[in-house]
Amino acid sequence: MSDQTPPTNDQTPPTSQEEALRCGFVAIVGRPNVGKSTLMNRILGQKLSITSRRPQTTRHQVLGVKTEDHRQTVYIDTPGMHIMHKDRNRAINQFMNQAATQALRDVSAVIFIVDRTKWTAEDDVVLKRLSSVTAPVILVVNKVDWIEDKSTLLPWLEELGTRRDFAAILPISARHGTQVDQLEDEVERFLPESEHFFPEDQITNRSSRFIASELVREKVMRQLGDELPYQMTVEIEEFRTEPNIIHISALMLVERDGQKKILIGEKGDRIKQIGREARLDMEKMFDSKVMLKLWVKVKRGWSDDQRALKSLGYNLD
Ligand SMILES: Nc1nc2c(ncn2[C@@H]2O[C@H](COP(=O)(O)OP(=O)(O)OP(=O)(O)O)[C@@H](O)[C@H]2O)c(=O)[nH]1
Ligand SMILES: [Mg+2]
């Protein structure tokens, strides 16, 4: 894994009778909580993007690279597109919506995910944003494992088909992997002939530091309620690799003193549990023993301050 950006695509044509190399970007978009990150992880066969039951878990674009023989598909997991409310939303919400919209540029295909038969005003926002996209859009109806009355599905798929000229409409379960192979086959149809952008063994454009910070954030998203997870971000202060161990020091920044107390918990119980769970995931991800130190600091206003956001890695460049 590295921070390197992909080399430019030189569109080299195949030189022999072999099957041509194919490669393209595929954006995964949808409103918050529909299962975008779960789907990307399922396709890659490993946990790369964090997930939780709470909306607005993903804050950044995360590339997931899948290379199989001649085809390389570069999936882009995105933050959920959501409606901005003047009184409640902060600069970070604007950043997330921009990051999601930006992912639609120059892609070979788009996967638009919805949650079963629950269509909301935010799905309309996504659909509207897709109206200027010329790449083929595959509509995915996710979480079908959770539909009790399956007879409602067929008429719903037909109804959805009238909302746009979709390249395909597929009911899937990202959690259980149902019909995910079929989705990958659909996507493959739209990959152009091209050199591969990434080396075969690279699975993401994101650094190990980034993944470490996300794993800490995931535990907070999963363990704490109310607005705290939305007012917390993580900065990796140290990431030092030794032969048999990685030393990681992560700073959790919150907006208020009260939030700091909650994160630490009684006698430090909460922060210990967050640390333990994040460390176990890190050890799996980095295939190494990890020594993780967690700190909490109050940094008022970070989530509504463009400059602070940039310095904390919320940077579209
Ligand atoms: N039952 C069921 N649950 C699912 C499925 N796919 C995702 N989920 C659950 O839905 C919740 C949200 O999943 P995420 O993958 O985090 O959703 P997301 O679209 O990435 O959400 P944001 O990053 O907040 O936009 C999690 O609790 C998942 O376990 C599915 O196929 N079936
Ligand atoms: Mg997500």
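Visitor: What lines the largest cavity in this structure?

Guide: In this predicted model, the lining of the largest cavity consists of Gln 56, Arg 59, Arg 90, Ile 92, Asn 93, Met 96 and Tyr 230. By class they are three nonpolar, two polar and two charged residues.

Visitor: How many cavities of 30 Å³ or more does a search of the whole structure find?

Guide: The search finds one.

Visitor: Where does ligand 1 sit?

Guide: Ligand 1 sits in the second largest pocket, which has a volume of about 730 Å³. Of the 31 residues lining that pocket, Gly 35, Thr 38, Thr 51, Ser 52 and Arg 175 are the closest to its centre.

Visitor: Why is ligand 1 said to sit in that pocket?

Guide: The rule asks that more than half of a molecule's atoms lie within 2 Å of the pocket's grid points. Ligand 1 is assigned to the second largest pocket, which means that it passes this test.

Visitor: Which helix gives the most to the lining of the second largest pocket?

Guide: Helix α1, residues 36-44, does, with five residues. The largest share of the shell around ligand 1 also comes from α1, with three residues.

Visitor: What makes the pair formed by Lys 36 and ligand 1 a polar contact?

Guide: A polar side-chain atom of Lys 36 lies 2.7 Å from an oxygen atom of the ligand. The cut-off for a pair of N or O atoms is 3.5 Å, so the pair qualifies. A backbone N or O atom of Ser 52, at 3.3 Å from a ligand oxygen, also falls within that limit.

Visitor: How much of ligand 1 does the protein bury?

Guide: Taken alone, ligand 1 exposes 660 Å², and the protein buries 95% of that.

Methods
Residues numbered from 1 in each chain as written. Chains lettered and ligands numbered in written order. Predicted model: local features only at pLDDT ≥ 70, side-chain atom pairs only at ≥ 80, totals over all residues. Heavy atoms only, no water. 1 Å grid on protein atoms, 1.4 Å probe; cavity = no way out; pocket = protein on both sides within 12 Å on 5 of 7 lines; lining within 4 Å. Points joined across faces, edges and corners; volume = space filled by probe spheres on them. Helix = DSSP H or I, 4+ residues; strand = E, 2+ residues; numbered from the N terminus. Polar contact = N/O pair within 3.5 Å; in protein donor to acceptor, adjacent residues only side chain to side chain. Areas by Shrake-Rupley, 256 points an atom, 1.4 Å probe, with all protein chains shown as cover. Nonpolar A, V, L, I, M, F, W, Y, C, P; charged D, E, K, R; others polar.
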